[in-house]
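Biologist: Please take a close look at a single part of this model, starting from one residue. Then set that part in the context of the whole chain.

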Amino acid sequence: MPVPDPRTQRQRKRIVYGGEIPDLVNPPSGCRFSTRCPLATAQCREMAPKLSERTPGHLVACWNR
């Protein structure tokens with residue numbers, strides 16, 4: 001998400017994900033992002049995480065966060 005301050009925006013580190021983009025017709029088992037996530041484990045590839053609220057109004061579906 002862009003930041004309105006150019007100095008702050010320049011200092012931010014851009015994250016570029018590698019890996020394969022999942023097939024939308026036949027998505028992978030487990031977490032939909034497991035093929036591209038650098039934190040993916042065997043659990044991620046087997047079971048999809050449930051959506052949980054980590055902070056008020058911030059929902060996350062991740063085994064590692």
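**The loop around Arg-14**

Modeller: Arg-14 is exposed, because its relative accessible area is 74%. The cut-offs are under 20% for buried, over 50% for exposed and partly exposed in between, with a 1.4 Å probe and protein chains only. Arg-14 sits in the loop between H1 and H2. Helices are DSSP runs of H or I with at least four residues, strands are E runs of at least two, and both are numbered from the N terminus.

This is a predicted model: local features need pLDDT of at least 70, side-chain atom pairs count only at pLDDT 80 or more, and totals for chains, interfaces and linings use all residues. Residues are numbered from 1 along each chain as its sequence is written, and side-chain values use heavy atoms, leaving out hydrogens and water.

Stay with the loop. Arg-12 also belongs to the loop between H1 and H2. Its class is partly exposed, because its relative accessibility is 42%. Arg-12 lies 10 residues from Pro-2 in sequence, and their C-alpha atoms are 9.7 Å apart.

Leaving aside residues up to four places away in sequence, Val-3 touches Thr-8, Gln-9 and Arg-12. A contact here means heavy atoms within 4.5 Å. At 29% relative accessibility, Val-3 is partly exposed.

Leu-39 is another residue of the loop between H1 and H2. Leu-39 is partly exposed because its relative accessibility is 36%. Its contacts, not counting residues up to four places away in sequence, are Asn-64 and Arg-65. From Leu-39 to Cys-62 is 23 residues in sequence and 9.7 Å in space, C-alpha to C-alpha.

Arg-14 and Ser-52 are 38 residues apart along the chain, with 26 Å between their C-alpha atoms. For Val-3 and Leu-24 the figures are 21 residues and 31 Å, C-alpha to C-alpha.

Next, the pocket. Cys-62 is one of the residues nearest the centre of the largest pocket, along with Tyr-17, Phe-33, Cys-37 and Pro-38. The lining has 17 residues in total. They divide into 13 nonpolar, 2 polar and 2 charged. Nonpolar covers Ala, Val, Leu, Ile, Met, Phe, Trp, Tyr, Cys and Pro; charged covers Asp, Glu, Lys and Arg; the others, Gly among them, are polar. The pocket holds about 480 Å³. On a 1 Å grid over the protein atoms alone, a pocket is an open set of points where a 1.4 Å probe fits, with protein on both sides within 12 Å along at least five of seven lines; lining residues have an atom within 4 Å of a point. Volume is the space filled by probe spheres on the points, joined across faces, edges and corners.

Now the whole chain. The order is α-α-β-β. The radius of gyration is 15 Å, whereas a compact globule of 65 residues would be near 11 Å. That radius is taken over C-alpha atoms, and the globule rule is 2.2 Å times the number of residues to the power 0.38. Buried residues make up 11% of the 65.

Last, confidence. The mean pLDDT (the predictor's confidence per residue, from 0 to 100) is 86, and 98% of residues score at least 70. Among the elements, H1 (residues 6–11) has the lowest mean at 80, and H2 (residues 42–46) the highest at 95.
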